[in-house]
Amino acid sequence: MSINKFTIQKSFAISAGAGSGKTYTLSRRFINILLGFDFFIEEAGQGQLFDERHERKADLEQIVTITYTEAAALEMKDRIFELINKICSFSTLNTKDGDYHSIDMAFDECDDVTYVQERLNKAQQEIAEANITTIHGFCLNILKRHSDVAKVDGNLEVLNDDNKNRIFNEVYFKVINSYVYRDDILDVTRHVSLYKSQALIKQYVFSHQFRASFDHYVHGHGDAIKALLVSTFLEPLEEEIASALEELENDQRYEAFEQFVSSFYSFSAQKFTPFAEALGVPKSLGVKKFPISDSVKKKLEKLVSYFCEVDATQEARFVEIIERFRRILQAIKQSYDAALAEVNGTDFDTIIQEAAKIISKVETDYRYIMVDEFQDTNAIQWEIV
């Protein structure tokens, strides 16, 4: 017997493509949660666990259902409450549509039809309490309900894109024309056009994820770049490198080749020749004698410029410019936040950030959380869920 994918007896993830019935499944699981037992099953005889209903049931306000667009949230709400209506009026349904069979099978297995009708009739009357929303809508609700903890006005206004961009432009020009950041701006603009960088600056101001990535890059730029280079270029070659070393194991060029490969991981890369000359071994790896090693050598030598030593003076100067640029970005972000506060406004990025700060400090009565398109969550949204 297959596992009932509508069950509320366990937590799980469903991986499925578009049009394969995720909303169909989620809406039935939602009904099961309201009732506290597996009213919907996939096949007869799976067992509905009716006796556990009082421990497992949840009211509408205790169920969080999150999706990633307003349109999808509205569609989800319509599907769920259309299904509730069909169950409540099942005895009078004239049309045997796609829902009819699953409802019919659910009632055939059910021990107490009256309980189901009463419970779902109650849900119909309390439809306004349903938490079927986007991640941003959910977080805004958290902030408004717990404005005292978040230290925000409970009547926050979410700014539309036009107002958000207008405020950004005002603070952007204010900061870049400020005497306070004059030296930073003069230095940075010798290398980077702030006008051409506006898209990046907006990303820094509007996107927590981008901002965190940029700040992490600045603080650990060397390690971050090296890790990226290794994962991008060296890791895909690791099996070939191991095969090459095995091929050369009994040859006098083995040690030279080993040092040649190691130089890439230590970011002091050179071509194979200097290592061979230092050990007094042949500089060539004939393709006929060592086809694997010769192939790997050629691939690695194309990457020498990426893995060679960097001029320390130039690197220090690069870090200085990036740090100055970050100071400008932070000043614009701080001015933007202050401008939002003045008009008692917020944007979606700020909503997510503020909700993440307080969500572990507030008491909620949520019992079940379902997330549609979970693969679209970023790090801070994942943390909230």
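Two strands count as paired if DSSP finds at least two bridges between them, and strands themselves are DSSP E runs of at least two residues, just as helices are H or I runs of at least four, both numbered from the N terminus. With that in hand, look at Ile63, which stands opposite Tyr368 in strand 5. A quick word on ground rules: this is a predicted model, where local features need pLDDT of at least 70 and side-chain atom pairs count only at pLDDT 80 or more, while totals for chains, interfaces and linings use all residues. Residues are numbered from 1 along each chain as its sequence is written, and side-chain values use heavy atoms, with hydrogens and water left out.

Back to the sheet. Strand 1 (residues 63–67) and strand 5 run parallel and are joined by 4 bridges. They belong to an open sheet of 3 strands, ordered 2-1-5, with parallel pairing. Strand 2 (131–134) and strand 5 (368–371) sit at the edges, each pairing on one side only. On average, neighbouring strands here are turned by 20° against each other, direction ignored. Helix 3 (residues 70–88) lies across strand 1 and strand 2, and runs at about 160° to strand 2; axes are lines fitted to C-alpha atoms, for helices over the stretch in contact (heavy atoms within 4.5 Å), and angles run from 0 to 180 degrees between N-to-C directions.

Strand 5 turns up again at the largest pocket, where helix 1 (22–35) and strand 5 are the elements that give two or more residues to the lining. The pocket holds about 690 Å³ of space. Of its 26 lining residues, Phe12, Ala13, Ile14, Met370 and Val371 are the closest to the centre. Helix 1 gives the most to the lining, with 5 residues. For the record, a pocket is an open set of points on a 1 Å grid over the protein atoms alone, where a 1.4 Å probe fits, with protein on both sides within 12 Å along at least five of seven lines; lining residues have an atom within 4 Å of a point. The volume is the space filled by probe spheres set on the points, which are joined across faces, edges and corners.

Now the cysteines. The whole structure has 0 disulfides, a disulfide being a pair of cysteine sulfur atoms within 2.5 Å. For Cys88, the closest cysteine sulfur is in Cys110, 13 Å away, so a bond is out of reach. Cys88 is buried at 17% relative accessibility, and Cys139 is buried at 0%; buried means under 20% relative accessible area, exposed over 50%, partly exposed in between (1.4 Å probe, protein chains only).

Finally, visit Lys297 in helix 16 (residues 291–301). Lys297 is buried, with a relative accessible area of 12%. Beyond its neighbours within four places in sequence, Lys297 is in contact with Phe257, Phe260, Phe272 and Leu285.
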